[in-house]
Protein chains: 2
Amino acid sequence: MSLESFFRPASVAVVGASREKGKVGYEIVANLKRGEFPGSIFPVNPGAREIAGLPCWPDLKSIGSIPDLVVVVVPAKAVAKVLRDCADLGIKSVVIITAGFKEVGPEGARLETEITEIARSSGIRIMGPNCLGVMVPSRKLNASFGGVLPRAGGIGYISQSGALLAAILDMANAHQIGFSALFSIGNKADVDEMDVIHALGEDPETHVIAGYLENIGDGDAFVREAERISHDKPILLMKSGGTSAGAKAASSHTGSLAGEERVYESAFIRAGVIRCDSITTQFDYAQAFAYQPLPQGPNVAVITNAGGPGIMAADAIEREGLTFAQLSESTIRHLGEKLPAAANIHNPIDVLGDALADRYDLAVQLALADPNVNIVLVLLTPQAMTQAAETAKVIAAAAKGKHGKPVLACFMGAAQVADGVRMLEAESVPVYDAPESAVRTIRAMIDYRTWKNRPKRIVKIFPVNRHRVERIVDRHLRRKLREIGEMEAKEILEAYGFVTPRGSLATTADQAASIADQLGYPVVLKIWSPEIIHKSDVGGVKVGLNNRQEVRDAFDLMMYRIPLEVDDDAEILGVLVQEMVKKGREVILGMKRDPHFGPLMMFGMGGIFVEVLKDVAFHLAPLTADEAKQMLMSTRTYQMLKGVRGQEGVDIAAIAESLQRLSQLVTEFPQIREMDINPLVVGPLGTTPVAVDARMSVEPVEAR
Amino acid sequence: MSLESFFRPASVAVVGASREKGKVGYEIVANLKRGEFPGSIFPVNPGAREIAGLPCWPDLKSIGSIPDLVVVVVPAKAVAKVLRDCADLGIKSVVIITAGFKEVGPEGARLETEITEIARSSGIRIMGPNCLGVMVPSRKLNASFGGVLPRAGGIGYISQSGALLAAILDMANAHQIGFSALFSIGNKADVDEMDVIHALGEDPETHVIAGYLENIGDGDAFVREAERISHDKPILLMKSGGTSAGAKAASSHTGSLAGEERVYESAFIRAGVIRCDSITTQFDYAQAFAYQPLPQGPNVAVITNAGGPGIMAADAIEREGLTFAQLSESTIRHLGEKLPAAANIHNPIDVLGDALADRYDLAVQLALADPNVNIVLVLLTPQAMTQAAETAKVIAAAAKGKHGKPVLACFMGAAQVADGVRMLEAESVPVYDAPESAVRTIRAMIDYRTWKNRPKRIVKIFPVNRHRVERIVDRHLRRKLREIGEMEAKEILEAYGFVTPRGSLATTADQAASIADQLGYPVVLKIWSPEIIHKSDVGGVKVGLNNRQEVRDAFDLMMYRIPLEVDDDAEILGVLVQEMVKKGREVILGMKRDPHFGPLMMFGMGGIFVEVLKDVAFHLAPLTADEAKQMLMSTRTYQMLKGVRGQEGVDIAAIAESLQRLSQLVTEFPQIREMDINPLVVGPLGTTPVAVDARMSVEPVEAR
């Protein structure tokens, strides 16, 4: 069911309306009236005859008509009764402002379950409880106690914190920022972030979706839906509570590196969601995304009336990886003809401290017309002759032209530039108080455009032997084994097209020597025990053994020493004797399954230092070829893999393919909870990577 | 000579005063008057009898008394004449506002040289030219055209950009920020950043020095002076123009990694200067540094009236590496007794949405009294019952207590919290609009405190053989050789206590084989040519040669192949045959001499990937033992060196000592321009690191 009645109700009832000013039950009625809501407003309170100048009704039934939207402010214990009345009357949309539910403990949680069940069974959609309400400025709907209705505009806002929404609204009103709608979703008993983001996605008045979230219920659905919507509308989210959870105890390198923060980061990247780290950043971004076209390239022209701020902008442009536009000859010539001799006619264009609005006008127009310029950033400092308001006017007029290029302004100062700032805000030209904030915003716009233009996602499906994997996984689960040992993990990998070193298990030194003889020297010995996760840590890996004697010695030493190092109950099943893999670069491929977002793939520099160097990249599975490549390229390791300083590079495409194959494996087998291939040894172009070691843990799918 | 007369003149003359409102010559007189300057103001203009209601004088001589400070606004060409008059009269302090000097080209530069010479020869100190002037609020001195005199306070400001200073002043006035003095230094013809920072360091009214600089003249002196002042007064600097210069063509890894930005970073770290990346950050920091005590530890208590902002603050605290304070049992008990049941009495303390000022008062007092709390951060969002102003009042009162702990506030919103914000500003309690800004400020305060408490800098001097190094360096310089080849570079290192592998130069395959026989196998062969800087790049290094035949083959192959790879004029002098160094971890030590700041030391992960992985740390020489250790610890490499995952660690102290020895070498030999030891191979505790390869370039000291 849609949220239509939350956006555009013809009539609103407020159950629990109060005569007492300052009480929420009064403020909501008053806000609806002050906002000049054009539909009917029905205050409901059996003890009052009139509230805020409106006739009051004893209960919903007595109104006589069915309100489109009901706002509930009665105490928590009385809410269920109101909902039953709503159900009886066929009311479908209810905002529950009342607090005292899940957030206060078990008794509140019980009440919340009760109201959720009433809603589900009667087809009512609930916003809240424990929320601030709903605002839709273009409809003059202020069904909230969040303050004054803001200006109508293109930003749709969703907040999981009512108080934060109130602060944002206050700031937005101070800066004349316009909204299509604001939703406070409170405890999300029914309507959740997915519903609202979906609705804002459909809403023609919303150009940008912004919000504050503390958690996301269905991660998988969120990614799919947000990815779809991001194509048309940028989504700017603050997501808090990310760091504190941290990585839980994990059995793999991937597991220990893939904390909750990484998961959200990956989900947002995949879905094109633009992450904002504070409300100020979100404001900075939202202004620009809502009303400016996206830049067609990274070339920024800076116009300034002072050298210092121009240098500061130039620094920021370089730091953010943008380009200082090289002005065309014709632009330079025109600037030279029209500006005073002392002016700088190259980028940054310095119109000088005594510039009036006309010089700014000239420079902005010329910069916008220059084919080498994608973005224009106009800086202004308050000097003796500066015309802040007039300059704002010419900037706003130029920004409205047909050039399709974004214009951002940075007016530094306060009282002396206030007129200009207000003018720019009124005209929806984004305006900043420091060049760095403007440049960071440009970077975000370019990143979003790159995301929008990314290749279509096509996930390649490789022919594999699923049955073989099924057998191993099922056997482990039947026996309630959670860890798949190295040999069987490699069997699984082989079924998905990986190459692993030849080798077998030995339980005696003689047997180890015989296997080695068959494999040919040198060989590697590895301890084999389900309880020993990181073999090197306990001296359980010995490489480069060149003859029978060395193999026997290594075997016996492991058998003698390792039991002294590990827990008493670690069962040592033997020693794996393996051919020695040709030298190459070591990388790690891994996966950790997130309960909300599904399998998170990892790539990085391999070996024993992976958790120290942390040169790793993450991406949600399933991976496309392009995404696999992007993962590789986003690490420093990539530079080494490509080959530098006379060293031959490795077969990058082969690693990308390995990542895709692994992505297919973990997508097709949701039982795999966590895994590492470490190292995957990769060689020069044309060679096949070898999965030298692997570990995997499984769990029944129902367990999640 | 001190800048006393710029700070506290008894009388000010304005030469070039104008009757025309809006003109700089008028505005300066008017500003002096409007600021209620208590001393005499002498407008000087032969064509006027009165300016801004003050009697006007035809020239300086006719005034009859000697003004302490002269402000010059006459055209550039007339400035020299004014200065000569000043010299005749014995005037010692002159502010030259006039532009049109060095910044406009060669003719202006000539004028600037002329006035500088007059000043030098007559003992006049000049501020400017091309500057905004001087402001000293506590003396009611506004000898500038920068706007209204700000409130008196503890921040001393210096700016190399007049326009930026005007913007800062405008912002500061909007936020009631107080200053001890503001100096616009313009072209720095005479008084420069060093003079002003020194003067502000001496000024008892200045508690914090802040500023904007585009370059620093004498880097070495700056570091020494700033380090001395930073002990008493924090120095907060914006430094622009850092990124664009980039690293110039360099002959060593260190040289190519040590760009100008790294040099400034290192200089600031060494001098305890707090770098600010934008004017907003500088405001954020300055507020707190000027009026709050430094935190005695990293434990932050957060008080909030809403959950969302509390979580955002918690995230920021974790991200910045601070600690969420664990409240003491007594605090928790008291909070539990006094706050409503639904309140969160653990950190973050949630006083709930309906909190009035009294609950905030209680929570702030208890948090400040808690021995487990070092810093209190108070968050407020505008809710229905929120008392912003009253809450501000109780916060300000609590902040003034005898606890010696910093209190920072974050009032989110605008109009609804404006009264509270103004109140906090008036009471000098730092107030922010987002929790992230407040937390970043706390981080900066803690970093500064750590710097202040760092161990006393004692540079250890090792006994070395200077004479041996002198001989090699002098010989190279005499012969105009700029590069010292591997063998002699190692000889230099040996003279400073480094161990290098044994080996000799061979010019024939037979000779190479004989040397190898003497050294014992395996050996390494390295091409030897002054023109080949990165030997591996051209196949000029071959390791692990096990017998005569392999040595001969490798020799001949190098002689055949390398000339095909390199420039025709690369002179190949032979091949170095060297013992093979025992395996160990490879690190790089290096140095690049900066023309302004002297030798910049580098440490990092060694080998051929140093420029790819960029896991390096920098510090200005000479290094103390502690600084050398800090350099090591600030790299990710350090974790590997310490030993992880069953791998033995290496002798960290031995690396630190090597860094100190290298620091001594480059300090004692300013002729060394740039150098790398790469790799320095380091082994387990008790072993001596071996400098396996080294390169060094020299130049005559006079060349700089």
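1. Leu352(A) is buried, with a relative accessible area of 18%, where buried means under 20%, exposed over 50% and partly exposed in between, with a 1.4 Å probe and protein chains only. Leu352(A) sits in the loop between β17 (349-350) and α14 (357-369) of chain A, the helices (H or I, at least four residues) and strands (E, at least two) being DSSP runs numbered from the N terminus. Its phi is near 80 degrees, a positive value in a residue other than glycine. In chain B, Lys140(B) also has a positive phi, near 55 degrees; Lys140(B) lies in the loop between β8 (133-136) and β9 (141-144) and is partly exposed at 37%.

2. This is a predicted model, in which local features need pLDDT of at least 70 and side-chain atom pairs count only at pLDDT 80 or more, whereas totals for chains, interfaces and linings use all residues. Residues are numbered from 1 along each chain as its sequence is written, chains are lettered from A and ligands numbered from 1 in the order in which they are written, and side-chain values use heavy atoms, with hydrogens and water left out.

3. Chain A can be laid on chain B with an RMSD of 0.1 Å by a turn of 180 degrees and a shift of 0.1 Å along the axis, the copies being superposed by least squares on the C-alpha atoms of residues with pLDDT of at least 70 in both. That is the relation of a two-fold axis. Within chain A, the C-alpha nearest the axis belongs to Leu613(A), at 5.0 Å from it.

4. A salt bridge is taken here as a side-chain nitrogen of Lys or Arg within 4 Å of a carboxyl oxygen of Asp or Glu, and by this rule the count over all chains comes to 76. One of them joins Glu627(A) to Arg457(A), with the closest N and O atoms 2.6 Å apart. Because Glu627(A) lies in helix α23 (residues 625-633) and Arg457(A) in the loop between α17 and α18 (466-478), the pair ties together parts of chain A that are 170 residues apart in sequence. Glu627(A) counts as buried at 9% relative accessibility, while Arg457(A) is partly exposed at 23%.

5. In chain B, Glu427(B) forms a salt bridge with Lys400(B), where the closest N and O atoms are 2.3 Å apart. Glu427(B) is partly exposed at 34%, whereas Lys400(B) is exposed at 52%. Back in chain A, Arg84(A), Glu107(A), Arg110(A) and Glu114(A) are linked in a network of salt bridges.

6. Glu531(A), Asp567(A), Asp569(A) and Glu571(A) gather in a patch of negative charge on the surface; patches are made of residues with over 30% relative accessible area and no salt bridge, like charges being joined within 9 Å and nonpolar side chains (Val, Leu, Ile, Met, Phe, Trp, Tyr) within 5 Å. Asp569(A), in the loop between α21 (548-565) and β25 (574-579) of chain A, counts as exposed at 60%. A patch of positive charge brings together Arg319(A), Arg440(A), Arg319(B) and Arg440(B), and Arg440(A) is placed in helix α17 (residues 435-452) of chain A.

7. Two peptide bonds deserve a remark. A cis peptide bond joins Ala621(A) and Pro622(A), with omega about -5 degrees, and Pro622(A) is in the loop between β28 (616-620) and α23 of chain A. Asn678(A) and Pro679(A) are likewise joined by a cis peptide bond, with omega about 0 degrees, and Pro679(A) lies in strand β29 (residues 672-682) of chain A.

Technical notes:
Accessible areas come from the Shrake-Rupley method with a 1.4 Å probe; for residues, only the protein chains shown count as cover. Lys and Arg count as positive and Asp and Glu as negative; His and the chain ends are not counted. The place of a charge is taken as NZ of Lys, CZ of Arg, CG of Asp or CD of Glu.
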